[in-house]
Amino acid sequence: SGLRALLPDLRRRPAALRATPARKSPRPSVAGSWVAGTHVGAAGGRSYDVYVPAGLRRRTAAPLVVLLHGCGQTPAEFADATRFTTAADRNGFLLVLPHQQTRHHPQRCWRWYEAAHQQRGAGEPAVVAGIVAQVAAEELRRRVDQRRVYVAGLSAGGAMALTVAAAYPDVFAAVGVHSAPAYRSSTRPAQALAAMAARTEVPPPEPGAPALPPAIVVQGGADSVVRALNGDRVADQWLAHRAAAGDDAVGRSRSDTGRTTDGRAYHVLRWYTGRGRKVLEYWLVDGLGHAWSGGRKDGSFSDPHGPRATTLMWAFFRL
């Protein structure tokens, strides 16, 4: 990969913290409020939760972030571990968390690895898009700024977030991908583990496929579940899709390294349009295993060290 030449070899360094499921109950939010909903459509149905941040006026058109949890997580655990509710309260955006339950998958995984769930108008991408449309239509409860709808996820949720963004680039203004394989790097269950190990082929863009929306990618250098090379593959794929769609404005890139106050090193690559708009950002975090970077201590698949992925993603989305 051309990206690998620009990045230091962070994969061989030991993980400072291994991801473990939460041992404590999720902390209920006391600032904003939760509203439960159910969506049923031609592609299937899901329950979901909407988080309305504290102080949001009913008639204010607010940005919306869809959060897709990882395998073995509940939406409540994911929201708590990432501290996205705190970010929503501070910045005035709505959250929507669809539920992938055990009747949909034994480990509550999103089925990013199956061809039936990788296209517009079918499967889980259609369900997620349907939830967004339903929430946006409920104007008596709150208003959604439909120009500022985003999707983000971790692991299987990150892979589905990328899939949903690829299928509905007209719905989602940007996507956040944390510790996830590339889009369509698996098309059947037998390929899933190989894709997570970065051992499958990443298919080229299909003829006529639209460009992917702006993306921020966060990957742990010590991830033993979704190997570090997947971050490169997602970023390379994004650039290939933009080029295939005829978008030749993305050419300028910048590379930076740094270290957080808790001592964790990171390397970040950013790509810009000719007019200076940031459209792709890739963070490779030293010592981070399969966990949300900068998440809550003792949270589900969460590492409190390193740059806060939630802060990074919202800063990217709001541009």
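**Entry 1**

I started at Asp145, which is buried at a relative accessible area of 8%. My cut-offs, with a 1.4 Å probe and protein chains only: buried is under 20% relative accessible area, exposed is over 50%, and partly exposed is in between. I'm working on a predicted model, where local features need pLDDT of at least 70, side-chain atom pairs count only at pLDDT 80 or more, and totals for chains, interfaces and linings use all residues. Residues are numbered from 1 along each chain as its sequence is written, and side-chain values use heavy atoms, with hydrogens and water left out.

Which residue does Asp145 form a salt bridge with? I found Arg147, with the closest N and O atoms 3.2 Å apart. By salt bridge I mean a side-chain nitrogen of Lys or Arg within 4 Å of a carboxyl oxygen of Asp or Glu. Arg147 is exposed, with a relative accessible area of 69%.

I also noted one network, in which salt bridges with shared partners join Arg254, Asp256, Arg270, Lys278 and Glu281.

I looked up Glu124 with Arg46, whose side chains meet in a salt bridge at 3.4 Å, N to O. Glu124 sits in helix α3 (residues 123–137) and Arg46 in strand β2 (residues 44–52), so this pair ties together parts 78 residues apart in sequence. Helices (H or I, at least four residues) and strands (E, at least two) are DSSP runs, numbered from the N terminus. Glu124 counts as buried at 2% relative accessibility, and Arg46 counts as buried at 9%.

Next I checked Asp170 and Arg120, whose side chains meet in a salt bridge at 2.9 Å, N to O. This pair links distant parts of the chain, 50 residues apart: Asp170 is in the loop between α4 (156–167) and β6 (174–178), and Arg120 is in the loop between β4 (94–98) and α3. Asp170 counts as exposed at 54% relative accessibility, while Arg120 counts as partly exposed at 46%.

**Entry 1: α3 against α4**

I then turned to the helix pair. The axes of α3 and α4 come within 9 Å and cross at roughly 75 degrees. That makes α3 roughly perpendicular to α4, a label covering 65 to 115 degrees. The axes are lines fitted to C-alpha atoms, for helices over the stretch in contact, and angles run from 0 to 180 degrees between N-to-C directions.

Which residues in α3 meet α4? I listed Glu124, Pro125 and Val128, which meet Met160, Thr163, Val164 and Ala167 in α4; contact means heavy atoms within 4.5 Å.

Conventions: Parallel < 35°, antiparallel > 145°, perpendicular 65-115°, else oblique.
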